[in-house]
Amino acid sequence: MASKLTPKLITCLILLSCFLILFYSSYPPFIPQPPSSKNPILPPAKCNLFEGSWVLDPTRKPMYDSTCPFHRNAWNCIKNQRDNMARINSWKWMPRGCDLNRVDPVGFLNSMRNKNIGFVGDSLNENFLVSLLCVLRVGDPGAKKWKRKGAWRGAYFPKFNVTVAYHRAVLLARYEWQTKQPGFSGQDGVKGIYRVDVDIPANDWANISDFYDVLVFNTGHWWGPDKFPEETPLVFFRDGQPIHPSLELMDGLKVVVKNMVAHIEKAFPKKVLKFWRLQSPRHFHGGDWYQNGSCLFDEPLEESELDLWFDPANNGTNREARRVNEVIGDVLKGTSIRPLDLSRLSEWRADAHPAVWLGKKDAVAVWGQDCMHWCLPGVPDTWLDILAQLITYNLTSI
């Protein structure tokens with residue numbers, strides 16, 4: 001039999017309800033707060049901007065053309081009349097689990113107002129820089145060339161007070177040519193050495209820690225025997241003394257990256273948003289650049305071809321990219337530097353290099369085909385879309 005509420009109990013319940021209503025009405029309603037600016041905002045967990053596929057979109061057009069004043073002639077593939085440029089720029093990167101928006105030049109410049117972006121590394125970071133400069137000029141046609149604070153090249157966007165520049169430092173660490181010196185073992189046939197001070201950053205970027213709000217680092221393409229053959233090798237120094245036993249190239253790379261990362265972590269303010277762009281893959285077919293290697297392709301590679309081209313286990317011409325990425329990725333773990341893993345999406349695009357269209361009559365005869373750098377407009381514009389989206393996600397941490 002159901003129990004009955006007594007008049008006294010009913011009175012108590014009414015009084016308690018009135019008290020609770022009065023108590024909670026004196027506080028504002030709970031509204032979920034945005035994440036603290038100390039924690040960078042990241043894309044949704046399901047979103048992987050670096051994994052996906054290329055989809056042909058005939059309506060897709062580049063944002064700039066051959067008249068951009070920041071072009072480097074050898075990469076200006078429209079001016080150099082590279083075949084198939086319309087199709088090269090009709091491929092759209094579709095990330096897995098999300099959409100990749102094209103950068104809005106005005107919107108991005110406005111979000112970066114009074115801030116500066118720097119690129120530090122080899123010519124593939126310069127390739128990236130030129131893409132960014134040409135796209136942003138659409139948002140500020142009054143952009144002017146800028147070359148100060150040790151920068152190799154760059155631009156200033158006066159409407160937004162934004163500077164974007166590139167500091168050339170191919171090994172990141174300081175290195176210099178030295179004639180043959182006593183004290184080094186195994187010098188038979190050696191003409192001289194390139195001394196690399198693994199614990200000292202190159203002068204080109206040693207004094208920029210107070211200038212940039214966003215930085216993109218890279219190294220890798222110079223870490224090979226084609227750049228530093230046995231007769232003119234790299235020799236690694238620490239604390240002013242040669243390292244013994246001497247280091248092979250990949251071991252030297254690891255030591256340099258560890259030291260440069262440690263310097264970046266120590267010298268640059270925590271508020272600086274730091275990226276490390278992993279390798280931009282090469283697409284030499286039939287031999288390396290000095291062995292008549294070629295990249296006269298009209299279409300991206302198939303997914304089934306990627307491991308054949310790039311897996312180090314297959315010992316192919318372009319194997320070094322994944323090997324270098326493994327070294328760098330291990331060093332970056334646990335640091336504040338975010339990997340910008342543009343390698344996989346770029347591996348597909350064997351069709352998008354300057355190849356023989358280099359803008360100079362004898363360039364191919366002297367240097368071989370360029371299957372390393374990228375046509376502009378081209379693949380680096382997609383890199384830019386990803387970088388801009390990540391910067392936007394993380395603006396609150398700058």
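**Close-up views of a predicted model**

**View 1. A charge over a ring: Arg-195 and Phe-237.** In this predicted model, Arg-195 places its charged end over the ring of Phe-237, 4.0 Å from the ring's centre.

**View 2. A charge over a ring: Arg-349 and Trp-54.** The ring here belongs to Trp-54. The charged end of Arg-349 sits over this ring, 4.6 Å from its centre.

**View 3. Aromatic pairs: Trp-205 with Phe-268.** A pair of aromatic rings is described by the distance of the centres and the angle of the planes. The count of aromatic pairs comes to 19. One of them joins Trp-205 and Phe-268. This pair is stacked, with 6.4 Å from centre to centre and 20° between the planes. Trp-205 lies in the loop between β8 (192-201) and β9 (214-217). Phe-268 lies in the loop between α5 (249-267) and β12 (273-277). The pair therefore ties together parts that are 63 residues apart in sequence. Trp-205 has a relative accessible area of 0%, so this residue is buried. Phe-268 counts as buried because its relative accessibility is 4%.

**View 4. An edge-to-face pair: Phe-211 and Tyr-212.** The rings of Phe-211 and Tyr-212 form an edge-to-face aromatic pair. Their centres are 4.8 Å apart, and the angle between the planes is 85°. Phe-211 has 18% relative accessibility. Buried means under 20%, so Phe-211 counts as buried. Tyr-212 is buried too, with a relative accessible area of 2%.

**View 5. An aromatic cluster of Tyr, Trp and Phe residues.** Tyr-175, Tyr-194, Trp-177, Trp-222 and Phe-228 together form one aromatic cluster.

**View 6. Asp-385 in helix α10.** Helix α10 spans residues 379-393 and holds Asp-385. Asp-385 has a relative accessible area of 5%, so this residue is buried. Leaving aside neighbours within four places in sequence, Asp-385 is in contact with Arg-60, Leu-100, Asn-101, Arg-102 and Val-103.

**View 7. The whole protein chain, for orientation.** The secondary structure of the chain comes to ten helices and 13 strands. Of the 398 residues in the chain, 48% are buried. Consider contacts between residues at least 6 apart in sequence: 78% of these join residues at least 24 apart. The chain exposes about 20,200 Å², and carbon and sulfur atoms supply 54% of this area.

Conventions: Residues are numbered from 1 along each chain as its sequence is written. This is a predicted model: local features need pLDDT of at least 70, side-chain atom pairs count only at pLDDT 80 or more; totals for chains, interfaces and linings use all residues. Side-chain values use heavy atoms; hydrogens and water are left out. Helices (H or I, at least four residues) and strands (E, at least two) are DSSP runs, numbered from the N terminus. Buried means under 20% relative accessible area, exposed over 50%, partly exposed in between (1.4 Å probe, protein chains only). Contact means heavy atoms within 4.5 Å. Accessible areas come from the Shrake-Rupley method with a 1.4 Å probe; for residues, only the protein chains shown count as cover. Rings of Phe, Tyr and Trp (its six-membered ring) pair if their centres lie within 6.5 Å; planes under 30 degrees apart count as stacked, over 60 as edge-to-face and the rest as tilted. A charge sits over a ring if NZ of Lys or CZ of Arg is within 6 Å of the ring centre and within 35 degrees of the ring normal.
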